[in-house]
Amino acid sequence: MAKDSKSILVTGAVGQIGSELTMALRERYGADNVVATGRKTEPGPELRESGPFYFIDVTERASLDVVVKKHDIDTVYHMAAILSAVGEKKPLLCWDVNMNGTINVLRAAMDFDMNTVIIPSSIAAFGPETPKENTPQETVLRPTTMYGVTKVAGELLCDYYVGRFGLDIRGLRYPGIISSETLPGGGTTDYAVEIYYKAVEEGSYECFVREDTRLPMMYMPDCIKSTIDLAEADFENLKHHSDFNVGSMSFTAKELEDSIRKHIPDFTCTYKPDYRQEIADSWPSSIDDSAAREEWGWEPVWDLNAMTEDMLKKLRRRHEEGRLYG
Ligand code: AKB
């Protein structure tokens, strides 16, 4: 993204990643230059009061255009999406929001001559036939979830827009994202966030995947860093565009439980897999992110133990202040 970029729009700004990304972008580019948007959920006071906020529906092009025109938007971070677990309950909604939302953002970017569009993908683009360990950048993309189908189609659509129309689009395949500010909504990797909240609140957690489930994960500060680093990379250096693998850490649910127990010795976790187990089993265990490292210098900072210490410190403070859930 051009460093002199003047007006940024974030869709899905009330969500788990969008809420922290918006605040990081406001800090970096100036609060008035970062327009936050959400569909229905009320933003918290920090998001609402620190800069412009609008309710829009990304599936309705007109509602997007109003804000783009009003703020002369030149960069979009398109974070609005239906995630994997809700996507399996409501596949048509998932298709509608993820595909029509994406094409609307791309068309607006063309029509309003924008500089840059960031559209995240996910490890959900992979499927059971993909190599599980150290999953390569270029590999089999045959997901078995609707969310995954929309992520593969979205990557292809974005790369098509880059090649056909010369639009500057960038995207990363996020692993499960763990954070302490806004709860995730409707993903398969949500257990890796919920476990911390329940550990602090109740000292126990019932996990919806098996204890040996190993998935790639990332702590929010690295997620924000990867997103902004990619957005600011020189376009000329990028051979890939919409589908960068980004790795950080991989651990089993049991290893996560053990890392929490180092700080809360009485913490107990039981395992009761539900329909999300099959989704988790279809995804990689670890990711080869050498393309991201080579093309834009990606390097994660956080590991499991450092993340656990930080998460528990933050959530304990919030719990003491009586606002664990915001
Ligand atoms: C989900 O679990 O659906 C998301 C993802 C890995 O994209 N967190």
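1. Strands E6, E8 and E12 form an open sheet of 3 strands, in the order E6-E8-E12, and the pairing is parallel. E6 and strand E12 (244-245) are the edges; each has a single partner strand, so one side of each has no neighbour in the sheet. Strand E8 (residues 172-174) pairs with E12 in the parallel sense, over 2 bridges. Arg-173 has Asn-245 as its bridge partner in E12. Keep in mind throughout that this is a predicted model.

2. Next, look at Gln-137. It sits in the loop between strand E6 (121-122) and helix H6 (146-165). Is Gln-137 buried or exposed? Its relative accessibility is 8%, and buried means under 20%, so Gln-137 counts as buried. The side chain of Gln-137 reaches the backbone oxygen of Asp-243 at 2.6 Å. Leaving out residues up to four places away in sequence, Gln-137 touches Arg-173, His-240, Asp-243, Phe-244, Asn-245, Asp-288 and Ala-291.

3. Now the division of the chain. Domain 1 covers 8-176 + 218-245, and domain 2 covers 178-217 + 250-283 + 303-320. The centres of domain 1 and domain 2, taken over C-alpha atoms, are separated by 25 Å. How many residues are in contact across the two domains? On the domain 1 side there are 24 residues, and on the domain 2 side 25.

4. The largest nonpolar core deserves a careful look. It has 65 residues. Ile-169, Ile-178, Tyr-191, Tyr-196 and Met-307 have the most contacts inside it. Helix H7 (residues 191-201) gives the most to this core, with 8 residues. Where does the core lie? Domain 1 and domain 2 both give residues to it, so the core lies between them.

5. Setting aside residues up to four places away in sequence, Met-307 touches Ile-178, Tyr-196, Tyr-219, Met-249, Phe-251 and Trp-302. Ile-178 and Tyr-196 are also among the residues with the most contacts inside the core. A second, separate core has 33 residues, including Tyr-174, Met-220, Phe-244 and Trp-298.

6. Helix H7 is mostly covered, with 8 of its 11 residues buried. Which residues of H7 are buried? They are Tyr-191, Ala-192, Val-193, Ile-195, Tyr-196, Tyr-197, Ala-199 and Val-200. After H7 comes Gly-203, whose phi is positive, near 75°.

7. Strand E10 (residues 204-207) has two faces. Tyr-205 and Cys-207 make up the covered face, while Ser-204 and Glu-206 make up the uncovered one. E10 pairs with strand E14 (residues 268-271) in the parallel sense, over 4 bridges. Glu-206 stands opposite Thr-270 in E14.

8. Stay in strand E14 for Thr-268. Thr-268 counts as partly exposed, at 44% relative accessibility. Apart from neighbours within four places in sequence, Thr-268 is in contact with Gly-203, Ser-204 and Tyr-205. Compare Glu-255: Thr-268 and Glu-255 are 13 residues apart in sequence and 13 Å apart in space, C-alpha to C-alpha.

9. There is another sheet to check. Its 3 strands form an open sheet in the order E9-E11-E13, with mixed pairing. Strand E9 (176-178) and strand E13 (249-252) are the edge strands, each pairing on one side only. From one strand to the next, the twist averages 45°. Strand E11 (residues 214-219) pairs with E13 in the antiparallel sense, over 4 bridges. Pro-216 has Ser-250 as its bridge partner in E13.

10. Finish with Ser-282. It lies in the loop between helix H10 (276-281) and helix H11 (290-296). Ser-282 is buried, with a relative accessible area of 4%. What does Ser-282 touch, not counting residues up to four places away in sequence? Its contacts are Phe-126, Gly-127, Pro-128, Lys-132 and Thr-144.

Methods:
Residues numbered from 1 in each chain as written. Predicted model: local features only at pLDDT ≥ 70, side-chain atom pairs only at ≥ 80, totals over all residues. Heavy atoms only, no water. Pairing = 2+ DSSP bridges. Axes fitted to C-alpha atoms, helices over the stretch in contact; angles between N-to-C directions. Core = buried A, V, L, I, M, F, W, Y, C linked by side-chain atoms within 4.5 Å. Buried < 20%, exposed > 50% of the residue type's maximum accessible area, 1.4 Å probe, protein only. Domains from an automatic or database assignment. Contact = heavy atoms within 4.5 Å. Polar contact = N/O pair within 3.5 Å; in protein donor to acceptor, adjacent residues only side chain to side chain.
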